[in-house]
Amino acid sequence: MMGQEITDPHGMEYAGSVAGLGLLPIRTETRPSKTTRLASAVTVADKLFDQPLPTLRITGYEIHIGTSTLGSGGSAFAEFDAAETHGHPAAEGCITADSRTFGTYFHGLFDHDDFRHSFINAARTFHGLTPATCLEQWSVKRDKSLNRLADEARSAMNVPKLF
């Protein structure tokens, strides 16, 4: 959707071709099978909003129905682990040459505290704002909340009888 064009030769969603938003130098072709898997990768983009981006390990759900081909004016955002791509590292996502726009097939990217904090600070610096003084560790807070919910559910029901 963020790219130049989406083609659908198999009529999966819309037979033919439609223009994308033109935000990324990619073209996407839908495929008959949908990719949905837990995946991990490492960011390879060295800048975000023209600010340094450290190399970060990311995991999430890779979800898409097709393949995207990178054109000129952009580069890969991340690289899948070689173990997940039959021994060959594979590019994932796209970031524009000016590092202001990126897209990825990773769902849950902003659940990663390190990535989210880097994103927020890069965006703030780009717009002339001071770095954030307090960045919450959302993953820790989320895990504590889920554990508390599980404890409450377990104490409110007879789990052995339920099984």
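**Reading aromatic rings**

Q: Is Phe-110 buried, partly exposed or exposed?
A: Phe-110 is partly exposed, at a relative accessible area of 39%. This is a predicted model.

Q: How is a pair of aromatic rings described?
A: By two values: the distance of the centres and the angle of the planes.

Q: How many aromatic pairs does the count come to?
A: The count is 10 aromatic pairs.

Q: What kind of pair do Phe-49 and Phe-119 form?
A: Their ring centres are 5.3 Å apart and the planes meet at 65°. Angles over 60 degrees count as edge-to-face, so this pair is edge-to-face.

Q: Which parts does the pair of Phe-49 and Phe-119 tie together?
A: Phe-49 sits in the loop between strand S5 (47-48) and strand S6 (51-52). Phe-119 belongs to helix H1 (residues 113-126). The pair therefore ties together parts 70 residues apart in sequence.

Q: Is Phe-49 buried or exposed, and what about Phe-119?
A: Phe-49 has 12% relative accessibility, so it counts as buried. Phe-119 has 21%, so it counts as partly exposed.

Q: What kind of pair do Phe-110 and Phe-119 form?
A: Edge-to-face, because their planes lie at 85°. The ring centres are 5.0 Å apart.

Q: Which residues do ring pairs link into a cluster?
A: Phe-49, Phe-77, Phe-102, Phe-110, Phe-115, Phe-119 and Phe-126.

Q: Which residue lies over the face of Phe-80?
A: Arg-37 does, at 4.9 Å from the ring centre.

Conventions:
Residues numbered from 1 in each chain as written. Predicted model: local features only at pLDDT ≥ 70, side-chain atom pairs only at ≥ 80, totals over all residues. Heavy atoms only, no water. Phe/Tyr/Trp six-rings, centres within 6.5 Å; stacked < 30°, edge-to-face > 60°. Helix = DSSP H or I, 4+ residues; strand = E, 2+ residues; numbered from the N terminus. Buried < 20%, exposed > 50% of the residue type's maximum accessible area, 1.4 Å probe, protein only. Lys NZ or Arg CZ within 6 Å of the ring centre and 35° of its normal.
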